[in-house]
Amino acid sequence: MKGQIIVETEDLTKKYGSRTAVDHLNIKIEEGEVFGFLGPNGAGKTTTLLMFLGLTEPTSGRAKVIGFDPTREPFKVKEKVGYLPENVGFYDDMDARQNLRYIAKLNRISGGVSEKRIDYWLEMVGLSEESTKKVGTFSKGMRQRLGIAEVLIKEPKLVFLDEPTIGLDPDGTNRMLDLIHSLSREKNITLFLSSHLLDQVQRICDRVGIMINGNLVAIGPIDELAKKKLGLGKEDYTLEEIYMKYFKEA
Amino acid sequence: MHGILTIFRKEMGDHFNSLRFLLISALIVMVGVIITSMVGMAIQEELKGMAKPSLIFLLLFTSTGKLFSFVQFIGFFGPLLGIFLGFDSINRERVSRTLSKLVSQPIFRDSIINAKFLSGVAIIAIILVATVLLISGLGIRLVGVVPGVEEVSRLVIYVVISLLYISFWLGISILFSVIFKSAATSALASLAIWIFFSFFVSLGASVLSDAVAPISQTASGVDPEMLIRHERIQRLTSLVSPMTLYSEATTTILDPMRKTTRTLILMGPLERFSMSRFQSPLPLLESIFIVIPHIISIVAITLLCFGICYLVFMRQEIRTV
């Protein structure tokens, strides 16, 4: 742990009419860690991410992302925070490189720098050879990899990934997890990923948070949660066991 | 500003590469060329051995020939052009899931909608200016008359009014593309509005005026005061439609013989006689004065429409699911 707090919330709440999507969320993420954000569908994970990016306003409470309030200064947050939504979309009639170039331009990355970065990240995600193919012809896995490259073009400090490995084949999944892991270890990028694939989360995440019905019911390193929920001394636990225990209690 | 420029460039590229743009501009250019050749030849025929009357150049645009005039064609087809260019501008990005990506880039959210609107306006301007230039060139060849300063200024004003008017329809269709998730729904909704304004408002106007101020035949003929009231009500009601505003403004600007935007002109036999004997075109400035209220109204509804569109878009929450 590097100790520096990169995401911090204070009673962050979002209500849609009478329904509370996120209820008094208090969370702290440290720089450089891989944080897994778990929870059933509709638990408020995506809403939380949207509030972190300033795409939706919290009803009450505050968030601080890389030192800025996303509601007041969304611009500063978006400059240094990447977001890969679930089933990311592309301009299908443009090729991979053109898609990346467009995003680079929107991030005010100058021409020379952006071409270098595009080459580098296309290489990293293994799409160099497909860079001039129309994205419309890409497979699901290729799109997901291109999405990762697109998020990293702006050299973010923090990346939100929503289901980054869904729909990938086993080999693709492994490569994606390795890439995520190396981003955290080598480039000191903080990764915040929400996923349902618990075995994968267990493999790469330093800490996890479990959100159920808008409430954060657990947060901490996986082994600590295991100790707390499954009793001391149990060695061969899985994250799934822990998760199901929390889920049944909630 | 940076975001607007980047998105604007991309949108322009998209327009130019799209089959839709190609088809629309081909259609407009084709119709323009056909109408002009027919009208041009007719004018040429009529003018044989005559002194050329003033402001003949504008006849290329306003005279109907066998079919319809270019101005009428743009009046009818212009709204469709605006609708075609805008009806899927926002919901296309929503369906392809690129909108959520776009809004998470460091750009102001309004630059998306501004750039989309501006690129549509730019495309409309390109099509209009190109067609008017093409027709002018063809007309100069066919009729052999070079337009004077006044004719050129009238044409420029015509293009500006048309641009504003078509932008109004672009605004309507972008508004629907923000509101409706499906492109087909937004296209149909825009077309419904278009049909409403083009057919039903004038129909409704005549029904209303018949109901409020019926013209009854009496022994001494039609009561002129009643007739005037009837006309006034019909006119005021049909002014609700942007189409009426536009067609009145453009016909007045392009035809200097017209001294008013009104359709009903009561004239005694002497006045009629003097009209036919002494042709006195209105100076440009006075034509402009006559249509200024129309132009302001068109600008106002265009801005209003885009304003609503802007507000709705800014308040929408953009989710990925």
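Buried area is the accessible area, taken with a 1.4 Å probe, that two parts lose on being put together, summed over both. The legends below describe a predicted model.

**Figure 1. The interface of chain A and chain B buries about 2,500 Å².** Carbon and sulfur atoms give 59% of this buried area between chain A and chain B. A:Phe75, A:Tyr91 and A:Leu106 are the residues of chain A that lose the most area to chain B, and together they make up 25% of what that side buries. The contact draws 28 residues from chain A and 23 residues from chain B.

**Figure 2. Polar and charged pairs cross the interface of chain A and chain B.** One salt bridge is found across this interface. A:Glu150 pairs with B:Lys101 in a salt bridge whose closest N and O atoms are 2.9 Å apart. Eight residue pairs are in polar contact between chain A and chain B, counting pairs with both residues at pLDDT 80 or more.

**Figure 3. Four elements of chain A each give two or more residues to the side that touches chain B.** They are strand β1 (5-16) and the helices α1 (45-52), α2 (74-80) and α3 (96-106) of chain A. Of these, α3(A) gives the most to that side, with five residues. By class, the side of chain A that touches chain B holds 13 nonpolar, seven polar and eight charged residues.

**Figure 4. Domain 1 and domain 2 of chain A meet in a contact with seven residues from each.** Domain 1 of chain A is made of two segments, 1-26 and 51-72, while domain 2 covers 80-188 and domain 3 covers 219-250. The C-alpha centres of domain 1 and domain 2 of chain A lie 26 Å apart. Between these two domains about 620 Å² is buried, with 87% of that area given by carbon and sulfur atoms. The side of domain 1 of chain A that touches domain 2 of chain A has six nonpolar residues, one charged residue and no polar residues. Zero salt bridges are counted between domain 1 and domain 2 of chain A. The count of residue pairs in polar contact between the two domains is likewise zero, with both residues required to be at pLDDT 80 or more.

**Figure 5. A salt bridge within chain A joins A:Glu33 and A:Arg207.** The closest N and O atoms of A:Glu33 and A:Arg207 are 2.9 Å apart. A:Glu33 sits in the loop between β3 (28-30) and β4 (34-38) of chain A, and A:Arg207 belongs to strand β9 (residues 207-212) of chain A, so the pair ties together parts 174 residues apart in sequence. Over all chains, a search of the whole structure finds 20 salt bridges.

**Figure 6. The fold of chain A contains nine helices and 10 strands.** The C-alpha trace of chain A spans about 55 × 40 × 35 Å along its principal axes. Chain A has a radius of gyration of 18 Å, which agrees with the value near 18 Å that a compact globule with 250 residues would have.

Notes
Residues are numbered from 1 along each chain as its sequence is written. Chains are lettered from A and ligands numbered from 1 in the order in which they are written. This is a predicted model: local features need pLDDT of at least 70, side-chain atom pairs count only at pLDDT 80 or more; totals for chains, interfaces and linings use all residues. Side-chain values use heavy atoms; hydrogens and water are left out. Domain bounds come from an automatic or database domain assignment. Contact means heavy atoms within 4.5 Å. A salt bridge is a side-chain nitrogen of Lys or Arg within 4 Å of a carboxyl oxygen of Asp or Glu. A polar contact is a pair of N or O atoms within 3.5 Å; within protein, one must be able to donate a hydrogen and the other to accept it, and residues adjacent in sequence count only if both atoms are side-chain atoms. Ala, Val, Leu, Ile, Met, Phe, Trp, Tyr, Cys and Pro count as nonpolar, Asp, Glu, Lys and Arg as charged, and the others, Gly among them, as polar. The radius of gyration is taken over C-alpha atoms; the globule rule is 2.2 Å times the number of residues to the power 0.38.
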